[in-house]
Amino acid sequence: MYRYLAWTGLTAVLFLVPFYLDGFWLQTGLFAMSAAIGAIGINLLTGATGQLSMGHAFFLAVGAYAYVFFSAEPTARLGGLGLPTGLAAVLAVVVAGVAGGLFSPIAGRLKGAYLGIATFALIFGGQHVLFNAEHLTGGFNGRAVPELDLFGFSFGDTPELIVLQVPFGTLERLWFLGLALVALSMVFARGVLKGRPGRAMNTIRDHEIAAGVMGVPVARYRAGVFVLSSMYGGLAGVLLALVFQRTVPEYFGVLLSLDYLAMIVIGGLGSVGGAVLGALFVSLLPQLLTKYSDSIPLVAAPGTPGGVSPAEAARILYGAAVVTVVLFLPGGLLGLIRKIRLRPPRLRLPLSSPSPETRSPHVP
Amino acid sequence: MTTFVELLVNGISIGAVYALIALGFVVIFKATEVVNFAHASLLLAGGYLIARLWPLVGFWAALLIGVAAAALVAAAIEFLVIRRANVASHSVLAIVTIGVDIVITTELTRQIGTDVLAMGDPWGSQVVRFGGVTLAETRIVALVTAAALITAFLLAFKYTGWGVAMRAAAEDAETAALMGVRLGRVSMSAWAVAGGLAAVAALFLCVFPTPGLDRSTSLVALKAFPAAILGGLDSTTGALVGGLIIGVTESMMSGYQNDMAFLGRGIGDVAPFLVMLVILLIRPAGLFGTKELARV
């Protein structure tokens with residue numbers, strides 16, 4: 001009962017946000033939504049299946065650039081197909097999946113941290129292509145992102161739209177699209193994790209040989225989850241491109257991939273809620289520090305020499321958070337919340353979703 | 001032909017430096033089964049200290065302090081974090097090292113800012129000529145030093161008590177502990193050795209012809225990861241061969257990039273990773289890695 005009330009309340013608050021908060025917060029929120037989608041994807045791979053990936057930023061880049069390429073009208077300097085933008089977005093996600101599939105000979109055979117190092121190749125190779133294939137990607141300067149247009153409804157600033165005396169620009173419109181996409185991603189991932197595939201994935205993570213003996217095609221599952229996770233990455237990339245309105249290659253580097261790993265560890269490995277919580281934490285932290293840098297000690301305003309800039313302070317904080325979580329909070333933020341909720345006297349056993357803690361620590 | 005020889009020798013020299021990094025990486029993996037993504041930050045820490053201290057205490061003392069400090073930082077990571085992390089999966093331990101890496105690298109790059117720090121080495125930009133082949137003195141010193149360090153390490157690994165303890169612990173930790181090997185010390189010393197090797201590597205990555213230590217140095221260090229994995233994460237021989245393959249590939253691809261303009265600018269930086277992918281496709285455990293077998 002409380003659960004439903006809480007969800008309804010949360011949904012209502014999320015719907016009201018664009019009516020009260022300004023562009024800065026909407027943009028921050030949209031970044032967090034994009035991060036949440038990407039984090040769900042990588043949590044399926046790393047958290048639930050135990051496969052480390054450093055290459056997630058690459059799939060975000062594929063999604064973002066594929067969307068731009070499919071939807072942009074071709075010009076003399078830059079290529080494009082000029083497809084309807086809705087179709088372009090779907091195709092972009094598919095292309096990200098195909099890119100993940102092309103990597104499957106490696107993704108299926110390597111495990112754990114080995115795969116992590118192998119996927120560095122995606123990042124560096126990807127950066128190389130982004131900077132050099134100027135006809136496709138615009139090179140160093142990147143490309144402008146066409147506005148999304150779904151069934152005649154434009155997610156841009158024109159035509160003017162005023163809802164309850166609040167002008168609805170690009171960010172306000174995208175806000176609702178973002179909410180819908182996050183919700184869809186969560187529901188789908190939850191379905192995957194709760195059903196047969198989820199159990200197979202967890203078994204592969206906990207004991208590869210046992211999984212194989214019980215008839216789970218280990219390599220096929222690993223490759224499959226890698227494809228699924230890259231499609232999530234692609235979707236996150238499309239949303240990110242729409243919010244940024246410009247794609248630049250530098251953004252999709254090693255640091256972005258590390259951010260995603262930090263998100264899922266901080267939030268909680270192997271669960272959908274954990275990925276979303278971690279994504280919120282990691283993407284809101286730098287923005288909060290930037291906004292309130294005057295009133296926080298030790299953090300200097302951006303651009304002032306000497307002090308720790310908000311972006312750096314945020315990185316140091318969540319780097320430390322990753323270490324702290326693994327040392328003291330196995331299960332991440334989500335595990336912490338569960339622990340608080342399950343404290344006596346209202347001792348309830350969780351009926352749903354046995355999550356990472358349920359596995360035995362003795363199994364290697 | 002002279003270009004080819006120059007590129008080859010330079011490649012071998014830089015490869016030997018990568019081998020130093022990869023060797024540390026492999027030692028840590030053998031001793032604690034942790035894939036240490038914080039390795040780049042250890043390297044940056046050592047290099048940074050050398051670059052900052054040489055104007056104060058002279059180059060050789062700075063080098064010594066830098067190596068010792070990197071070893072200390074590495075040992076501290078093992079003692080404070082790795083040993084205390086109570087996790088079932090080694091993937092999670094790898095992510096912890098990523099957290100450590102984020103903290104150290106962010107702080108150091110902040111300290112470095114936009115500066116390019118000279119390393120104050122005595123070799124400067126002098127070159128040596130053999131016939132028509134011109135080689136930088138730094139490259140020769142790097143090659144000799146790396147070869148000496150690697151030989152010393154391999155001998156110690158084979159003949160000293162420490163080496164035997166390390167190999168025993170890697171073979172079967174439980175039995176080794178029962179035989180009186182102190183696992184804590186073994187893994188801590190492994191981390192310390194790796195840190196020291198990384199600091200030496202940092203010196204040679206930042207001397208002539210590179211302009212010096214700057215914020216992108218930790219990215220350069222990432223090229224040692226493919227070196228370690230294509231040789232096989234649990235093989236010291238693999239680390240050496242891997243380092244050389246990566247070094248020579250990079251040097252050749254950068255040297256002849258004008259003849260391969262269709263591949264785009266900066267292909268030399270990507271080539272190591274592409275080579276790694278090709279080798280992993282054929283041998284998923286690396287060239288010399290032990291294929292994992294399990295009894296059920």
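Glu33(B) is partly exposed, with 17 other C-beta atoms within 10 Å. Here a residue is buried if 20 or more other C-beta atoms, placed from the backbone, lie within 10 Å of its own, exposed if 12 or fewer, and partly exposed in between. The model is predicted; local features need pLDDT of at least 70, side-chain atom pairs count only at pLDDT 80 or more, and totals for chains, interfaces and linings use all residues. Residues are numbered from 1 along each chain as its sequence is written, while chains are lettered from A and ligands numbered from 1 in the order in which they are written.

Glu33(B) is not a glycine, yet has a positive phi of about 55°. Glu33(B) sits in the loop between α1 (2-32) and α2 of chain B. Helices (H or I, at least four residues) and strands (E, at least two) are DSSP runs, numbered from the N terminus. Gln245(A) likewise is not a glycine and has a positive phi, of about 65°. Its place is the loop between α12 and β6 (246-247) of chain A. Gln245(A) has 12 C-beta neighbours inside 10 Å and so counts as exposed. Most residues other than glycine have a negative phi.

Chain A holds 16 helices and six strands. Of its 364 residues, 50% are buried. Among contacts in chain A with a separation of 6 or more, 74% join residues 24 or more positions apart. Two residues are in contact if their C-beta atoms, placed from the backbone, lie within 7 Å.

Helix α1 of chain A (residues 2-20) has 19 residues. Its first and last C-alpha atoms are 26 Å apart, close to the 27 Å expected at 1.5 Å a residue. The expected span is 1.5 Å times one less than the number of residues. One of the 19 residues of α1(A) is buried, so the helix lies largely in the open.

Helix α10 (residues 196-206) and helix α12 (residues 218-244) of chain A have axes that come within 11 Å and cross at roughly 110°. Axes are lines fitted to C-alpha atoms, for helices over the stretch in contact, and angles run from 0 to 180 degrees between N-to-C directions. The angle makes α10(A) roughly perpendicular to α12(A). Angles under 35 degrees count as roughly parallel, over 145 as roughly antiparallel, 65 to 115 as roughly perpendicular and the rest as oblique. From α10(A), Ala200(A), Met201(A) and Ile204(A) meet Val218(A), Tyr221(A), Arg222(A) and Val225(A) of α12(A). This contact comprises six nonpolar residues, no polar and one charged. Ala, Val, Leu, Ile, Met, Phe, Trp, Tyr, Cys and Pro count as nonpolar, Asp, Glu, Lys and Arg as charged, and the others, Gly among them, as polar.

In chain B, helix α2 (residues 39-57) packs on helix α3 (residues 59-82) at about 150°, with axes 8 Å apart. That makes α2(B) roughly antiparallel to α3(B). The α2(B)–α3(B) contact has 17 nonpolar, two polar and no charged residues. Residues of α2(B) in the contact include Leu42(B), Leu49(B) and Trp54(B), and those of α3(B) include Phe59(B), Ile65(B) and Val73(B).

The two chains also meet. Their contact takes 40 residues from chain B and 39 from chain A. In chain B, α4 (90-112), α10 (224-231) and α12 (267-282) each supply at least two residues of the side that touches chain A. Helix α4(B) gives the most to that side, with 14 residues. By class, the side of chain B that touches chain A has 28 nonpolar, seven polar and five charged residues.
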